[in-house]
Each structure stands twice: as C-alpha cells, then as structure tokens.
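Hi,

Here is the structure I promised to pass on. Have a look at it first, and then read my notes below.

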Amino acid sequence: MGSTSASSDPGELTELNGMLFFRADNGGDGPELWKSDGTEAGTVRVRDISPGGRGSAPSSLRSAGGLLFFTADNGATGKEPWKSDGTEAGTVLLRDIKPGAATSYPDALVSVAEQVYFAASDGVVGSELWKSDGTPAGTVLVKDISTVGIYESSSSPYTLFPAGGRLFLRADDGIRGVELWKSEGTPASTVLVKDINPGREDSYPWDFARVGDTVYFSASDGTSRALWKSDGTEAGTVKVADVNPSYLLAVDNTLFFQASDATGGSELWKSDGTEAGTVRVRDITPGSAGSDPRPLTHAEGLLYFHVYTSSTGFQLWRSDGTEAGTTRVDPRVNYSTGAVAWNGGLALSAFVTGVGQELWWTDGTPEGTRLLADVWPGTGSSDVRDLTVVGDTLFFSAGDGQSGRELWSVEALTDTTPPTVTCPESFTAEAVGPQGTTVEYPPASATDDFPGSPAVSYSHPSGDVFPLGATTVTVTATDDAGHSAACTFTVTVSDTRAPDLSCPEDVEAEATSAEGATVEYSPASATDGVSTAHVAYSQASGTTFGLGVTSVTVTATDDAGNSASCAFNVTVSPPAPPSITCPTTVVAEATGADGATVTWPSATASGLEPVQVTYSRASGSRFPLGSSVITATARDALEQTASCDFSIVVRDTTPPGLTCPAAVMAEASGPQGATVEYPAATVSDTVSAPVTVHYTHASGTLFSLGETLVGIIATDAAGNSASCTVTITVRDTTPPQLGCPASVEVEAQSAEGAMYVPLTGAPPSDAVTRNPTVSSSYPGGTPFPLGTTEVTFTATDEAGNAGTCSFTVTVRDTTAPTLACPADVTVQAREATGIEVEYAEATTTDAVSTPSRAYSQASGTRFPVGTTPVTVTATDAAGNSASCEFHVTVQPPRGPTLVDPPQELGWGCSTGAGAPAGLGWGALLLLVWCNSRRRPARPRHGLDPAAR
C-alpha cells in the first residue's frame with residue numbers, strides 16, 4: 001500500500017461482515033481507515049477522514065450491530081467516536097463529545113448487545129462512561145458516576161468488560177474508591193456492584209474473565225489480593241480463593257490463571273468457582289521460583305500459555321486442565337507474540353532458532369507443530385502481528401525485509417488428498433501359551449500434506465494377544481478432512497519349543513519272587529506352554545521288572561510335533577532276611593497285690609512270605625509288679641530269623657479310694673466361732689496298703705465364723721494320693737436377747753401428747769456380737785400422741801439376726817380444764833318481770849385441747865328480779881370438766897310516790913322509783929301507762945342502773 005521500502009504499518013485488524021478493516025498509511029494520506037477482502041484489488045481505503053497527509057489515526061476498532069466503531073481525529077474536532085458501514089459516505093463522526101478542536105479521548109471501546117461502550121470526557125463531567133448505537137442521538141453519556149466537587153471530576157471508567165447483555169467496569173465515584181460497577185446502558189442500571197474494600201480505599205478490580213454468566217476478576221478487600229467472582233449482584237459478588245491471580249483466561253467452563261500460594265511460586269491454576277475447586281494444575285517449576293505462566297489464548301478446548309524458566313527462557317505450553325495434559329507444545333517454539341484459533345488448531349507468531357519470528361501452526365503436539373509461512377526467509381524475523389481470522393482467511397501484518405511491514409493473508413485450503421501411511425515389516429513371534437502371545441510392534445508412520453497429524457488406527461493393536469498362526473494387521477491413517485489410507489503387515493505366532501520333560505527318580509525294589517518284582521514308579525512331569533504334551537514309556541509302571549537294572553526311556557511330544565526325552569533306572573534286588581518290629585513298652589496298671597494280667601499288640605514282621613512270629617512269654621499272662629522283658633522272633637519261608645525285645649511294666653498309679661464326710665454346719669458359741677467335730681473320711685486301696693490320711697484342720701478344734709474348707713489327703717504305700725474337701729460352716733443364727741420396759745401410762749403434756757416418757761429396760765445381749773445394734777420403731781425426739789402407741793425395740797447382731805420386744809405407751813388426758821367465772825352482776829329491772837342481762841365470758845384453759853363452755857343461763861337472756869346463780873361448766877376433748885358459779889342480781893324496778901287513800905291523788909306521771917304500799921288499782925294503771933311512755937333502755941350487764 002506504501003512505497004516499495006516504506007511500511008504501511010497496518011494495525012487494529014478487525015472483522016466486520018466478512019470484511020477486514022484496519023488502519024494503514026499509504027505513504028501520502030497518513031494513517032486512515034482501510035478494508036480488504038483478501039485480494040489486492042479489494043484492499044482499499046474507506047475514507048480520507050483527515051485530508052492533507054496528516055491522517056486521522058483510527059484506533060480502538062470494534063464491530064457491533066453490523067457497524068464498525070472507532071476513534072479518529074479529522075483535524076477539526078479532535079479525537080472523537082466515529083462509525084463506518086464500509087463505505088466512504090457511511091463513515092461519519094458520531095458525536096463531537098468535547099466540542100471544538102479539543103479531544104474527548106474516547107477509549108476502551110467494547111461491544112455489548114449491538115452497541116459500543118467507551119470512556120470519554122466532555123470537559124464538563126470528566127472522564128465517564130458513554131455508549132453509542134451508531135447514531136448521533138444514540139451516542140450519549142450513560143451516567144456521571146463521579147459527582148464529587150464543583151469542578152470536573154472523573155470516575156475513570158476503565159477495564160470495560162462485556163458479559164452477556166451487560167457491562168462490567170472498574171470505576172471510582174469519588175466516595176468509595178475504585179470498585180466493581182455494572183451497567184445495562186441506563187443511569188439507573190449503572191450501579192456499584194459491591195464495595196469490596198469498604199470505605200475510600202480501592203479494591204482495584206482487574207483481569208476480567210467470563211465463564212457462563214459469571215465474571216471472574218482479581219481484587220483486594222484490604223487484606224490481600226484474591227480471586228473474586230460476581231453474578232452482577234452484591235450478594236453474588238464473593239471471594240473465591242486467596243491466591244493473588246493474574247492473566248485470567250476462560251476456556252469453555254474452566255477458568256485458568258497465574259497464581260501462587262504459600263507452598264510454591266507462580267504456577268498455572270484453574271477454578272470452577274469454589275474454593276475447593278481452585279487448584280494448581282501443575283507445578284511446572286517446583287519450589288519457590290515458579291514457572292511464571294502467562295495464558296495466551298485457547299483453541300479446540302486447549303489453553304495455550306507461556307512459561308519462563310531461568311534455564312530455558314520462554315516456552316510455549318498447552319493444558320487441558322489436568323496435570324498429565326499440561327505439557328510443552330514443541331521444544332523448538334519459544335516466545336509467541338500473538339496467536340489465534342484457526343483451521344482446527346492454533347496459528348501463532350513464534351520465535352524459533354534458525355527461523356526467526358514467523359507464522360506457525362500447531363495442534364498442541366510436537367508432531368502437529370509446523371512452520372506455516374516464512375515471510376522473511378532465512379534467519380530474519382518478519383515479526384508477525386495482529387493475527388485476525390475472517391472466514392477461512394488468516395490476516396496478519398509482517399515484514400519480508402523488502403517491502404516493509406504490510407498486510408498479509410493465508411487461506412485455509414481444502415484437503416482432498418488422503419494421507420500416506422507406512423506399515424512396519426512383517427515378523428514372527430514365539431507363542432507363550434495356547435492363546436498365542438502378546439505382540440508389540442513399532443508404530444506405523446503417517447504423514448499428510450495439510451497441518452495436523454493423521455489419526456492412526458490398527459485392526460489389532462500393539463500389545464494385544466495374537467493367536468497361533470498368521471494374523472494380518474490393517475493400519476488405517478485418517479486426516480482431519482476424513483480422508484484415509486491403509487496398509488497391512490503380518491504377525492505370525494509359531495510354536496517351535498519342545499515340551500519341558502522331567503523323569504522320575506531312579507527306583508529300587510526288592511524281589512517278591514524268583515521272577516523279580518512288580519514295580520510302580522511316579523509319572524514323568526511334562527509341560528508345554530502352548531499345547532498338550534503326550535508322554536510315552538519304554539516299560540510301563542506296574543509291570544514285572546526282572547532282577548538287576550532296567551533303563552526306562554520317557555518321550556514327551558506336543559501337538560506341534562516338538563519332542564523331548566529322558567531316562568531313569570529300575571533296580572530289583574534279591575529278597576532280604578525278615579525284619580521285625582516289637583511293640584513299644586507296655587505299661588499295665590496293677591489290679592492286685594500280685595500284679596496284673598497283661599496283653600500286648602502283635603509285633604510287625606515282613607519278609608519272604610509266609611513269616612511267623614513267636615514270643616518268649618504268651619500275651620495274657622500274669623505279670624508281677626515291676627518290669628519284665630519279652631523277646632519276639634520272626635521266621636520267614638527260608639527259615640531266616642530276626643528278633644527284638646520289649647518290656648512289660650506293671651505299676652500301681654491308682655490313688656486310694658477316698659470319700660469325705662458330708663459338710664457340717666455348726667452354731668457359733670462365741671465371737672471366735674465354735675468347736676466342731678466331724679466324721680472321719682473313709683479310704684480303701686486294693687494294691688498298696690496301708691493308707692495314711694491327713695487332715696488340714698482336725699476334728700474337735702475351734703473353727704472360726706464362716707466357711708472353713710478342710711482338705712483331706714489319703715496316700716497309699718506306692719505314694720499315690722487322693723484328696724477331697726469337706727466344708728465346715730460356723731454360723732450365727734441366734735438373735736440377741738433384749739428386755740423391753742413395761743408398758744407405760746403418762747399424762748398428756750400438750751395437744752401433741754407427751755414428750756417425756758420415763759422408760760427402763762434391760763440392755764441387749766448376744767453370745768457372738770459384743771454390742772448389738774438397737775433400733776426403735778418410734779423415732780426418738782418425737783412426742784407420743786394421745787392414745788396408745790406400740791413401740792418395738794429391735795436388737796441386730798453382726799450376722800443380721802434380730803431380736804425384738806414390744807411395749808405400749810398410753811398417753812391420756814385426765815386433767816380437767818382450769819375455769820374462772822366472771823364477777824357477780826347486779827342490775828336494776830325496768831319491769832317487774834325482770835331484765836335481759838349480758839355478762840362477761842368465763843375464762844378457761846387446758847394444756848391438751850380447747851375446752852367448751854356451758855352456762856346454766858345464757859348471757860343476754862331475761863333474768864327475773866332477784867338473785868339468779870349461773871353455773872359455768874368447761875369440758876375438754878377428753879371429757880374432763882370443771883365448773884364455777886357466779887350470781888346475777890336483778891333489783892326490782894323503782895315505782896311512783898304512793899299517797900294514802902284519803903289524800904288527793906295526783907294524775908300526773910311520777911318519775912319516782914318506788915310505789916307506796918296499798919296503791920289502788922287506779923294508781924297502778926296510771927303507773928303502767930306512765931312507764932309505757934318512758935320505757936328506759938336495757939341496762940348493760942355489770943352496770944349499776946342507779947349510775948345512769
């Protein structure tokens with residue numbers, strides 16, 4: 001695009017709608033926006049945004065919603081957001097966010113749901129989050145996150161990361177520090193997710209990666225930098241593990257990253273989102289140094305990453321997430337400056353010694369790693385950059401050493417040719433069993449014209465068991481396009497080994513007749529690892545072998561005809577003199593003083609039949625006590641003899657007959673026990689008399705309380721002894737003697753009865769227990785209630801025997817209450833019939849019960865004129881009573897003044913207290929009438945009416 005030696009320096013390669021867009025400088029117009037369909041004619045400038053050779057320097061190219069978004073400077077508005085649909089007319093400024101020549105510094109463009117989000121500054125609110133849908137009206141500030149202060153303040157929304165239909169970002173609202181935010185394109189949805197490091201301090205989240213709907217990142221909560229995850233909610237934003245991660249990269253459902261812990265240096269780790277599932281994949285460089293892995297990209301489910309060691313420098317590795325699947329890709333490939341998944345593998349810019357920095361392709365194996373394009377031939381480096389895939393075409397920038405840095409492309413070609421496969425040579429293997437043998441053979445070689453190693457399969461895998469005979473192995477090689485080629489080779493398994501044969505040991509036999517002897521020998525041992533070994537003998541076992549030595553030949557033949565042979569000797573010797581074996585010494589028990597009748601087993605004899613055996617003394621004879629020698633003689637048919645001796649020993653080992661007396665039980669006569677006599681034991685012996693008897697505790701001696709085991713031993717003259725035991729039990733079953741006091745009658749002292757009751761009685765006594773324990777059925781310190789109480793005294797000795805006696809305590813109340821009558825009462829009657837008189841209560845007391853009181857005339861009743869005696873009787877609960885008497889005197893009422901009949905009578909009402917004698921009826925009627933008009937109040941008892 002530029003001159004021959006100058007570079008167009010293409011960069012920012014981005015795919016849109018099957019077309020490649022990029023920034024390039026044609027050497028006259030400056031860096032502008034270009035596009036390419038992969039052909040020279042189809043590689044054109046889209047628009048000269050800043051005419052005059054200065055160039056608009058497009059950057060941050062992002063495709064979204066079928067449009068290309070980028071930033072550019074047209075020379076008049078400063079660097080602002082632009083869009084393009086691939087045409088000159090459709091390449092326009094979206095909005096002059098910071099009006100005039102000043103730039104808004106749009107940065108960090110990311111695509112979310114057919115829109116782009118970016119950071120920009122309008123000169124008013126500072127650097128904040130913006131978005132665009134491709135229209136000027138739709139290019140707006142999303143939210144002024146930082147509103148602190150009166151001057152322009154920036155939230156600095158960097159590290160924009162799309163996840164599904166929303167955006168995660170790192171921002172500072174000026175209050176809570178740099179924290180994790182999210183946005184769905186509206187001010188309301190642009191919110192702090194969580195204040196991870198509470199307060200003004202920063203958690204500074206970075207290194208975002210997405211697995212499903214979960215975003216992973218590195219952040220610090222103020223204690224340490226750790227692995228975090230978030231589902232977009234505060235509750236769902238949590239620390240995963242304290243491992244200080246970096247270089248986070250998701251491969252399918254696995255998160256890979258570099259981390260270190262207390263056990264080692266920086267290594268490759270992975271996480272499934274749980275603390276337990278956050279583990280080191282492989283300790284590539286054991287110890288504290290670490291391998292410093294840096295995830296690069298992924299392809300076909302494999303992670304590709306760089307490893308650095310001090311000894312080898314940079315290396316390219318791959319991992320499937322397992323320790324075994326984490327390996328170096330190819331020892332030739334060192335550092336890679338860029339890589340992209342393409343054509344079923346990974347296209348990468350890699351440095352290889354002797355080749356330089358060129359374009360390579362790998363499927364993750366050394367065999368599948370090859371140079372794709374040596375743009376700068378030889379050892380020079382084309383420094384391949386910006387690898388971008390558009391359809392089947394891989395675009396990149398590189399320098400060939402002649403044209404400067406330009407745009408290059410590689411097509412993914414169609415594979416129509418089958419691979420080439422070469423089989424190993426046919427060969428023969430020795431069988432090791434009936435099934436054949438396990439055969440391993442060298443692998444077939446397979447090559448293909450296209451990248452990738454063909455898959456090789458075998459009809460009979462190496463290491464399988466191959467049967468006897470010839471087996472054809474078919475090898476099939478299949479490339480990534482599905483084309484296959486095959487070859488065959490033959491594996492022949494044969495049996496050429498003779499059986500293993502072992503003859504029995506030589507056999508020696510003794511003739512059983514003049515012809516010799518029938519001899520049986522052990523079979524030969526014959527084995528064959530492949531087939532059955534058939535064994536044949538020159539003379540069969542169990543046949544008659546003549547006197548002397550006979551050689552027997554054994555031949556073993558397998559199914560393949562392989563044979564082996566061996567031989568052994570059978571020697572038949574003349575008959576030997578007879579042999580005889582006496583029985584062992586016979587020991588018999590004496591049945592009487594004269595010994596015992598003894599029989600013994602027959603001696604065993606062998607020799608040329610018939611063989612007869614005789615004894616110096618017949619079996620079944622009577623033998624005395626002691627030892628006797630018997631001689632046994634064997635005689636064969638040739639009158640050859642042999643003899644042996646054995647002994648007859650008669651002994652007395654039978655102990656005497658001993659019968660112990662029956663157990664004896666005696667009553668203790670004192671604390672020491674009792675003197676006990678028991679019957680003598682009975683003894684007998686038929687062989688060795690006399691028999692002596694010994695007692696461990698003599699009869700007629702003192703036996704202590706409890707059981708005493710008396711041992712009895714009977715010994716005969718031969719020293720045989722027998723023993724038995726008899727149990728003597730001395731027990732105390734007699735209860736103590738005690739004398740109770742006589743029954744007692746006492747006077748009650750209170751309502752509870754009587755506390756103090758005099759008791760006298762004899763103390764308890766016991767022949768065995770010195771001081772028996774005495775208890776009472778009535779508890780001490782408790783008063784005896786009214787009535788009769790039976791008291792039982794119990795005396796218990798140490799053996800638990802108890803003696804009792806009883807008596808009664810009768811508490812009665814025979815004391816009359818104490819009674820005091822009130823004083824005599826004198827009152828003045830108002831009427832001639834008397835007056836109601838009330839008097840004081842009599843007082844009474846009783847130590848036992850509350851007495852009742854009875855009056856001969858009740859208080860408050862009418863007492864006649866004159867003196868009335870009142871008798872008071874007090875009776876307690878026991879019926880005891882006391883009485884006293886007091887008097888109630890009622891004086892007659894005072895009448896009117898009486899006059900003699902001749903005198904003139906007055907008819908007024910008199911207030912006099914008396915009436916004259918001889919008062920006429922008229923005067924009496926008048927008195928009654930006057931009194932009825934002036935009826936006085938009833939006088940209270942004990943009050944003199946005259947005092948009123």
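Let me start with a sheet: four strands form an open sheet in the order E61-E67-E66-E64, and the pairing is mixed. Strands here (E, at least two residues) are DSSP runs numbered from the N terminus, as are helices (H or I, at least four), and two strands pair if DSSP finds at least two bridges between them. Strand E61 (664-667) and E64 are the edge strands, each pairing on one side only. On average, neighbouring strands of this sheet are turned by 20 degrees against each other, direction ignored; the axes are lines fitted to C-alpha atoms (for helices over the stretch in contact), with angles running from 0 to 180 degrees between N-to-C directions. E61 and strand E67 (residues 721-731) run parallel and are joined by four bridges, and Val-664 stands opposite Ile-728 in E67.

Before the rest, some housekeeping. This is a predicted model, where local features need pLDDT of at least 70 and side-chain atom pairs count only at pLDDT 80 or more, while totals for chains, interfaces and linings use all residues. Residues are numbered from 1 along each chain as its sequence is written, and side-chain values use heavy atoms, with hydrogens and water left out.

Most residues other than glycine have a negative phi, and most peptide bonds are trans. The bond from Glu-609 to Pro-610 is cis, with omega near 0 degrees, and Pro-610 sits in the loop between strand E55 (604-606) and strand E56 (612-615). Ala-689 and Pro-690 are also joined by a cis peptide bond, omega being about 0 degrees; Pro-690 is in the loop between strand E63 (682-684) and strand E64 (692-695).

Ser-60, in strand E5 (residues 59-64), has a positive phi, near 55 degrees. Ser-60 is buried at 14% relative accessibility, where buried means under 20% relative accessible area, exposed over 50% and partly exposed in between (1.4 Å probe, protein chains only). Asp-383 has a positive phi near 55 degrees too, but is partly exposed at 24%.

Which residues does Arg-282 touch, leaving aside neighbours within four places in sequence? They are Glu-267, Leu-268, Trp-317, Glu-323, Thr-326 and Thr-327, with contact meaning heavy atoms within 4.5 Å. Arg-282 lies in strand E24 (residues 279-282), and a polar atom of the Arg-282 side chain is 2.5 Å from the backbone oxygen of Thr-326.

Last, the salt bridges (a side-chain nitrogen of Lys or Arg within 4 Å of a carboxyl oxygen of Asp or Glu). The whole structure has 16 of them. One of them pairs Arg-622 with Asp-594 at 2.7 Å, N to O. Arg-622 is in strand E57 (residues 621-623) and Asp-594 in the loop between strand E53 (586-589) and strand E54 (596-598), so this pair ties together parts 28 residues apart in sequence. Arg-862 and Glu-836 form another, their closest N and O atoms being 3.1 Å apart. Since Arg-862 belongs to strand E77 (residues 861-863) and Glu-836 to strand E74 (residues 835-837), that pair ties together parts 26 residues apart in sequence. Arg-862 is partly exposed at 33% relative accessibility, whereas Glu-836 is buried at 17%.

Cheers

Conventions:
A polar contact is a pair of N or O atoms within 3.5 Å; within protein, one must be able to donate a hydrogen and the other to accept it, and residues adjacent in sequence count only if both atoms are side-chain atoms.
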